[in-house]
Amino acid sequence: QVWFKQGFMQCFCDMELPEVDEKKAGNLYSKTDLLKAVSEFFNDALPRMGFQEDHFWTNIRIMLCIICCSFGCYAQFACKFPKDRIYIGVCVAGYFLFSAMVALIDMFVIKTSVMCLKVGGETVFVDVTMLPFSQDMEIGLRKRIGPKKKAEVSYKTSVGRYFDSDGYLGQEEILAEFSKLVKKFEKEHSKEAAEKKKEK
């Protein structure tokens with residue numbers, strides 16, 4: 001524990017743990033419960049630490065879902081079959097079209113992110129990933145979107161490092177790792193910006 005406390009204190013020079021409720025995973029063997037606890041912690045803690053949230057893609061997704069629901073409601077309550085079968089067909093086609101758009105956003109943009117932040121002037125997705133039947137959890141920061149785009153910086157370790165035997169999330173531990181990722185991301189981003197200026 002000594003080596004961790006030393007590293008933790010170094011990371012907390014410019015980041016302090018805000019006051020948030022303890023997060024607990026109901027089942028340590030459930031991937032869903034573990035990811036839910038981490039997601040709730042990040043969503044509660046990071047905005048209180050001064051990180052600005054970016055809701056652009058979330059708002060786009062919500063608008064598409066509203067359009068899907070509107071097609072369904074109109075077909076259900078405003079149309080009579082078979083008199084309005086053409087309108088019903090249009091509503092069905094529209095529903096599946098916009099549902100496909102939501103699926104594409106989830107697959108290629110949001111992926112496994114728990115929230116979207118502004119880091120170093122860039123829009124960054126905070127990805128938290130666990131593969132099925134694996135004890136490892138990977139936390140990453142990703143600014144690019146696309147089917148094969150991975151997190152620019154990431155850290156993978158056993159979930160046992162973040163959760164105790166009772167299922168409570170170690171907030172200091174996971175925030176220390178997040179702090180390291182932010183510093184690493186900002187460093188790499190500054191390098192990329194410097195290289196672009198040289199090219200110009």
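Mentor: What follows is an account of the salt bridges, and then of some surface patches and cysteines. Please keep in mind that the model is predicted.

Let us begin with Arg-61 and Asp-106, whose closest N and O atoms are 2.7 Å apart. This pair links distant parts of the chain, for Arg-61 belongs to helix α3 and Asp-106 to helix α4 (residues 85-110), 45 residues apart. Arg-61 has a relative accessibility of 30%, and therefore counts as partly exposed. Asp-106 is likewise partly exposed, because its relative accessible area is 27%.

The second pair is Asp-127 and Arg-142, whose side chains meet in a salt bridge with an N to O distance of 2.7 Å. Here two strands are linked: Asp-127 is in β2 (residues 122-129) and Arg-142 is in β3 (residues 136-142), 15 residues apart. Both Asp-127 and Arg-142 are buried.

Arg-161 lies in the loop between β4 and α5, whereas Glu-177 is in helix α5, 16 residues apart. Glu-177 is buried, because its relative accessible area is 4%. Lys-180 also takes part: salt bridges that share partners join Arg-161, Glu-177 and Lys-180 into one network. Arg-161 has a relative accessible area of 22%, so Arg-161 is partly exposed.

The loop between β4 (153-158) and α5 (171-199) also holds Asp-164. Together with Asp-21, Glu-22 and Asp-166, Asp-164 gathers in a patch of negative charge on the surface. Asp-164 counts as partly exposed because its relative accessibility is 36%.

Let us return to helix α3, where Ile-66 is found. Ile-62, Met-63 and Ile-66 form a nonpolar surface patch, with about 280 Å² of accessible area together. At 44% relative accessibility, Ile-66 counts as partly exposed. Ile-67 is also placed in helix α3 (residues 56-78), and is partly exposed with a relative accessible area of 30%.

Finally, consider the cysteines. A search of the whole structure finds zero disulfides. The sulfur of Cys-69 is 6.3 Å from the closest cysteine sulfur, that of Cys-73, so the two are too far apart for a bond. For Cys-116, the closest cysteine sulfur is in Cys-65, 17 Å away, which is again too far for a bond. Cys-116 counts as buried, because its relative accessibility is 9%.

Conventions: Residues are numbered from 1 along each chain as its sequence is written. This is a predicted model: local features need pLDDT of at least 70, side-chain atom pairs count only at pLDDT 80 or more; totals for chains, interfaces and linings use all residues. Side-chain values use heavy atoms; hydrogens and water are left out. Patches are made of residues with over 30% relative accessible area and no salt bridge: like charges are joined within 9 Å, nonpolar side chains (Val, Leu, Ile, Met, Phe, Trp, Tyr) within 5 Å. Accessible areas come from the Shrake-Rupley method with a 1.4 Å probe; for residues, only the protein chains shown count as cover. A salt bridge is a side-chain nitrogen of Lys or Arg within 4 Å of a carboxyl oxygen of Asp or Glu. Lys and Arg count as positive and Asp and Glu as negative; His and the chain ends are not counted. The place of a charge is taken as NZ of Lys, CZ of Arg, CG of Asp or CD of Glu. Helices (H or I, at least four residues) and strands (E, at least two) are DSSP runs, numbered from the N terminus. Buried means under 20% relative accessible area, exposed over 50%, partly exposed in between (1.4 Å probe, protein chains only). A disulfide is a pair of cysteine sulfur atoms within 2.5 Å.
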